[in-house]
Amino acid sequence: MSISPASSHAGIVTRDMAWWQSAIGYQIYPASFADSNDDGIGDIPGIIGKLDYLAELGIGFIWLSPVYASPMVDNGYDISDYRAINPIFGTMADMDRLIAEARARKIGIVMDLVVNHTSDQHPWFRAARSDRHSPYRDYYIWRDQPPAKGTPADIEASFGGSAWSLDPQSGEYYFHLFAPQQPDLNWANPALRAEVHAMMNWWLDKGVAGFRMDVIDLIGKQPEAGIVADGPELHHYLREMHEATLTGRDAVTVGEAWSATPTNAPLYSAPERQEVSMVFQFGHVTQFWDEKLGKWKPKSIDWPRLKATFAAWQQALHGKGWNSLFWGNHDLPRAVSRYGDEGEYRVTSAKALATILHLMEGTPYIYQGEEIGMTNAGFTSIEQYRDVETINFHRIQLAQGVAEADFLAGARANSRDNARTPMQWSAAPHAGFTRGQPWIAVNENFLRLNVELDRADTDGVFQHYRRLIALRRENALIRHGDFRLLLADHPCLIIFERRLGAECLLVVVNMSRQETAIPTMGVPSVQGRDLLTGKQVSIKAGAKLKPYAAFALRC
C-alpha cells in the first residue's frame, strides 16, 4: 500500500523515507467507536460512517483494535479465527469496504496482530487439546506438572494467578501470560511461524496498510528459563517475519514492547535490521506505578522524570530508528485525566499535551476521543467495569487485604475501561454512540463534552489537533529535526528545541494550574508568531505563562 505524502516543503527535499513518518495514527476501539445497528456495540459500518470526520482531522492511518472472530473474553484480544470477522462487528464484506473507503480518503487500515496467543476456541488449540499427538500440540506450550514455587517457570499471568493452567481434556498444563482462555503460542515451532506469516500476507494482499503487533516482545519467551519478554530468539523471529511478509511492501509495523528500553529499541526499528517500523514503549507509563501494587496505586506525575524519559527516547532513536509517540491507548487512562487537568483546565491542558507530543520526533498516535479531550470513566463501583483485568485484580487485591475504596480509587485512575467508554459524538442519548443500550456505560459528562460541541469551537481541542497535524505534515523540521531539552529540572515547564539545518523551533509549555514565570537562565529569548494560534508571543526571562499555555515559535 502506498499513501505517501508530498516529499518537499518550501522547495526543500525532506528526509522522509516512508509515508508513515509524516502520517498520524488514530486508534479505534471498535466496540466503543460508533454503532450503526443500535445493538449497543460499535461496528465496522459505524467506523465507515465516521471516515469523513477522521479525514477532516487529518490522520494518515487507523490502528484498528481486533475485529476478528473471538469469544470476547478479553474484548477481541482472544482470537478464534484470524481470517474471519466477529459478527458483532460486521462481515468480511464490511471489512473490505472499510479498507477501500479509507484508502479513497488516503487513510490506511492497520490491523491489530495478536500472535503471542490465541483464544482457547481457536481450531489450533482445540486440535492440540484433543490429541497429544496432533501436529497442533506443539503450536502451544505444555508440561506434565505445574512448576514448583520459586522456580524460574513459576510465572504469574498478567491478569493475575499462575501462568500455567491444567487442561482437563488432555491432562497437561498449558502456558498463558494473560487469561486462561488465551493460551500462548509456541514460536519455537517453525510450522506455527509459517502459519502466522501466511495469515499476515493474506491481510496485506487484501490491502491493509500494516500491523500493530500486540505484546510482540513476548513471542521469544522461554518459560522454563523464566524468560518472558525480550527472549534470545525474539529478533530472529521478527527479522524472519519481515522477510516472509513485509519485504517489498509499503507497509507500517509498530510493535508493542513493554520491555523496550532506549538501549535496545534500535534493535527493533533500525532500518538495516528489517524488523519493525517502530515500537510502542511504556517507560513514561510504568515509572509512575507503585512498586508493589502496580497500576492500581499510581504515583503522581513528576514532570522532570517524565521529561527525562522523553528526552532519552528522542536521543536514543534519532538517526538510528523511529519513535512512536502516544499518551494513551485502549489499555491506558485518558491522557487529560492522567497527565493534564480534567476539571477547569480540561481544554487547555488537553491542547498542551497534544503540543508536547506532536512536536517531538516520531509518529504520533491519537486514541479515539483524545482529540476532543475525553476524560476517565469516573466509575464508582466494580459492577460498572467490564474489563477482565480490572475484575480479576479486584478479587485478588481484596483477598490480599486491600480496601475496596482504595482499589476503586486506583481503578478510577488506571483501569483499562477508562479508555473504553463510548465515543462521545453529541449530546443525544448515549452520546450519539448508539440508540440501543451501550455495552459499557457512557461517561456522564457527554452533555458538555462531545464532538459536536468541540468541533464547532475554533479554539477547541479538535481544531488544535488539526493544526498540529497539518503543521507536522508540512514541516520537515518537526518530523526529522534534532531534539534538545531545556530546563530539564523545572517542575512544570516543558521547553525543547527542534533543529534541522538552519531552521529552529522552540516549544514552550506550562503543565501547571499556576501562572509560571520563565527563569532568567536556560531559555533563549524569542519573539514571534505562535505557529499554532497565529498570536504574537514573547518568550523571555520573567515572562509569565498562563496555566497550561503552549506555544511553538521559530527561533
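Modeller: Val 509 has Ala 550 in β23 as its bridge partner. Five bridges join β18 to β23, and the two run antiparallel. Two strands count as paired if DSSP finds at least two bridges between them. Strands (E, at least two residues) and helices (H or I, at least four) are DSSP runs, numbered from the N terminus.

This is a predicted model: local features need pLDDT of at least 70, side-chain atom pairs count only at pLDDT 80 or more, and totals for chains, interfaces and linings use all residues. Residues are numbered from 1 along each chain as its sequence is written, and side-chain values use heavy atoms, with hydrogens and water left out.

Now the sheet. Four strands form an open sheet, ordered β16-β17-β18-β23, with antiparallel pairing. β16 (482-486) and β23 stand at the edges with a single partner strand each, so one side of each has no neighbour in the sheet.

Helix α11 (residues 346-358) packs on this sheet. It touches β17, β18 and β23. Contact means heavy atoms within 4.5 Å.

The S-S torsion is about -70°, so the disulfide is left-handed.

Cys 504 is buried at 3% relative accessible area. Cys 555 is partly exposed at 38%. Buried means under 20%, exposed over 50%, partly exposed in between (1.4 Å probe, protein chains only).

Methods. Disulfide = S-S within 2.5 Å. Axes fitted to C-alpha atoms, helices over the stretch in contact; angles between N-to-C directions.
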